[in-house]
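Good morning. Please have a look at it first.

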Amino acid sequence: MELFKGDAIKRVNKLLDKGEKRRTKLQENIEKLQEDANLLYQAVQDDFNETILEDKEPNKKLQSDLDKVRGELQTAQFQLSQIDTVIEAELEKSKKDIDRERREFRDSKHEEFQEIFDELNQAKIAYLEKMIECRKKNSEYANEHSKTFRDISHRLGLRTDDPREHYRLSINMRFQRDEYYSPILTPDEHRDAFMDNKLSYLTAKNKDKFKQ
């Protein structure tokens, strides 16, 4: 399987980063132009007052500079208002490529997960087969125990417990207990492994419990 490259993702991220930088630059430029426009407006007003008081010609350059700054400010504000629309239009063009890369990424992991699933399935089958083996042996043991000790116990008046309870496994346990740890998988062990990515405390503690 060819390694996933993610060219479309890189392209879109580059576009978004570029758009964010452009947005920041426009915002900073608008702030500066607004300050310049305010200063120039005040200068024009001061010059206007001076022309009246001093009976002189107005400074046309101040008004020209103010008009120019206001024009640049209007342009920058319009560009800022349109930047999301421009970015969205460019992103729309990339949606199919992103969907394609998403499928490619999923497919690139197929063999890896297929192998893990196969190992899990084989482990599950081996676990169930071993449980079947244990149940059969337990049944054989109970029969052999009864044949061996039932009559003699009756003759001697001995009370014996039910041999079916010896070496018994139960699938009804909801959680492991320290005083009766079982090799049967319980819901709490399943949950800890699946949800918390760890072995339950008692599972780790008893990992060598049944070794001879």
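I start with Tyr 181, which is buried, at a relative accessible area of 11%. Buried here means under 20% relative accessible area, exposed means over 50%, and partly exposed is in between, with a 1.4 Å probe and protein chains only.

Before going on, a word on the source. This is a predicted model, in which local features need pLDDT of at least 70 and side-chain atom pairs count only at pLDDT 80 or more, while totals for chains, interfaces and linings use all residues. Residues are numbered from 1 along each chain as its sequence is written, and side-chain values use heavy atoms, with hydrogens and water left out.

Now the aromatic pairs. Rings of Phe, Tyr and Trp (for Trp, the six-membered ring) pair if their centres lie within 6.5 Å; planes under 30 degrees apart are stacked, over 60 edge-to-face, and the rest tilted. How many aromatic pairs does this rule give? The count is three. One of them is edge-to-face: Tyr 141 with Tyr 167, at 5.5 Å centre to centre and 80 degrees between the planes. Tyr 141 lies in helix α3 and Tyr 167 in the loop between α3 and α4 (187–196), so this pair ties together parts that are 26 residues apart in sequence. Tyr 141 is partly exposed, at 28% relative accessible area, and Tyr 167 is exposed, at 65%.

Tyr 181 and Phe 210 form a stacked pair, 6.2 Å centre to centre with 25 degrees between the planes. Since Tyr 181 sits in the loop between α3 and α4 and Phe 210 in the segment after α5 (201–205), the pair ties together parts 29 residues apart in sequence. Phe 210 is partly exposed, at 47%.

Next, helix α3 itself. Helix α3 runs over residues 110–156, which is 47 residues, and reaches 67 Å from its first C-alpha to its last, close to the 69 Å expected. The expected span is 1.5 Å times one less than the number of residues. Where is the kink in α3 centred? The kink is centred on Phe 149 and is about 40 degrees; the bend at a residue is the angle between axes fitted to the seven residues ending there and the seven starting there. The buried residues of α3 are Asn 138, Ala 142, His 145 and Ser 153. Just after α3, Gly 157 has a positive phi of about 70 degrees.

Last, charges. The structure holds 19 salt bridges, a salt bridge being a side-chain nitrogen of Lys or Arg within 4 Å of a carboxyl oxygen of Asp or Glu. An α-helix has 3.6 residues a turn, so residues three or four places apart point the same way. Glu 133 is partly exposed, at 33%.

Arg 102 is exposed, at 54%, and Asp 99 partly exposed, at 31%.

Finally, Arg 11, Asp 97, Arg 100 and Glu 104 are linked in a network of salt bridges. That is all from me.

Terms used. Helix = DSSP H or I, 4+ residues; strand = E, 2+ residues; numbered from the N terminus.
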